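Dear colleague,

I am handing over the structure below. My notes on what was found in it follow.

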Amino acid sequence: RLNIFGYNSFDTINAFLEQTAAAHPGLAQVQPLKRSSQGRQLKLMKISTNPGANNPIIFVDAGIHAREWAAPAMAVYLIHRLTSDPAAREEELNGVDWYILPNVNPDGYEFTRYSRGNRLWRKTRSRSSARSDCFGVDGNRNYGFKWGVSGVSRDPCNQETYAGPEPFSEPETRMVRDVMMENAKRLKLYVSLHSYGNYLVYPWGYTGASLPDDWRKLDTLAHKVSKAIVGAGGSPLKVLSAGHWYPAAGGSDDYAYGVVGVPYSYTMELTDGYEFQLPAKMLPKLLPQFYEGFKEFARNIRSEF
Ligand code: 0X9
Ligand code: ZN
């Protein structure tokens, strides 16, 4: 049974998606994607009051880094609010469709939950085959834009930033890529949820030496979102380019912006303290605060597109 202010198993989250779609036909729909390395079925939640309208799409994913538990919790909470709160139909869902992938690294996530796993595992759990006996790739170094040029390890046994044997070596990153590509025309905002540190960063992530031409637009919207979160009692977000924070190539944010052509692309790092191990009792405060940030995103996407 799902705990909306808790850390749920991947299976519980998937069941919640199906229950939500069944309870709100015509509003919420599940699109089955493919399977993770270990065979877990990924499901995309599509929420729309008017699926035929060709609305701009906001695409949110979470959990590419296994240990960052606050991220899938936020994605689940987003789905919950968008579908259960009647006010959302007049506001957040007015003229905007939401595609949410609440856990894009289920193998890693479940490994952080097993008592014989590792709570601080970050990567996927793919087997690096002939190359080594080590497991896993950093999904946020695995995307095919400027792959490998900065902030990565080439060593499959590196626990943090191994970029993989080639771009999109991981079924998990290929699935996110395919969702982006199939919806490229309508995709106007992409947010990848991570933790921790209260950052909202935008391209470029692969370098701190240059910025996109329209970085001011990305920066302005990010500051509005931060303000909305502060208005709800949250801490301000640190807004800057990802590469000015620290350069790291192969991230999903750069791919969305640089290859897919998504005009607004961000990585959002939830929480200000407790690092990766935010106690669940903090979620009832944190998640509604960040939800106000997502409402601000939606208001701006609706008025611009
Ligand atoms: O290093 C990352 O992948 C992200 N930080 S985390 O602590 N959650 O691992 C930041 C990614 C920012 N985007 C790019 N560098 N492209
Ligand atoms: Zn992360």
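**Notes on the predicted model**

The largest nonpolar core has 87 residues, and Ile-58, Met-74, Ala-75 and Leu-78 have the most contacts inside it. (A nonpolar core is a set of buried Ala, Val, Leu, Ile, Met, Phe, Trp, Tyr and Cys residues joined through C-beta atoms within 7 Å.) Ten residues of this core come from helix α2 (residues 70–84), which gives the most to it. Helices (H or I, at least four residues) and strands (E, at least two) are DSSP runs, numbered from the N terminus.

This is a predicted model: local features need pLDDT of at least 70, side-chain atom pairs count only at pLDDT 80 or more, and totals for chains, interfaces and linings use all residues. Residues are numbered from 1 along each chain as its sequence is written, while chains are lettered from A and ligands numbered from 1 in the order in which they are written.

Not counting residues up to four places away in sequence, Met-74 touches Ala-62, Leu-193, Leu-270, Leu-287 and Phe-290 (contact: C-beta atoms, placed from the backbone, within 7 Å).

The "active site" annotation in the unreviewed UniProt entry covers Glu-269; such annotations may be inferred rather than shown by experiment. Glu-269 is found in strand β8 (residues 264–270). Glu-269 is buried because 22 other C-beta atoms lie within 10 Å (buried: 20 or more; exposed: 12 or fewer; partly exposed: in between). Beyond four places in sequence, Glu-269 is in contact with residues including His-194, Tyr-196 and Asn-198.

Ligand 1 is surrounded by 13 residues, the closest being Asn-140, His-194, Gly-205, Ala-242 and Gly-251 (near: C-beta atom within 6 Å). α8 (252–260) and β8 each give two or more residues to this shell.

Regards

How values were computed
Contact = placed C-beta atoms within 7 Å.
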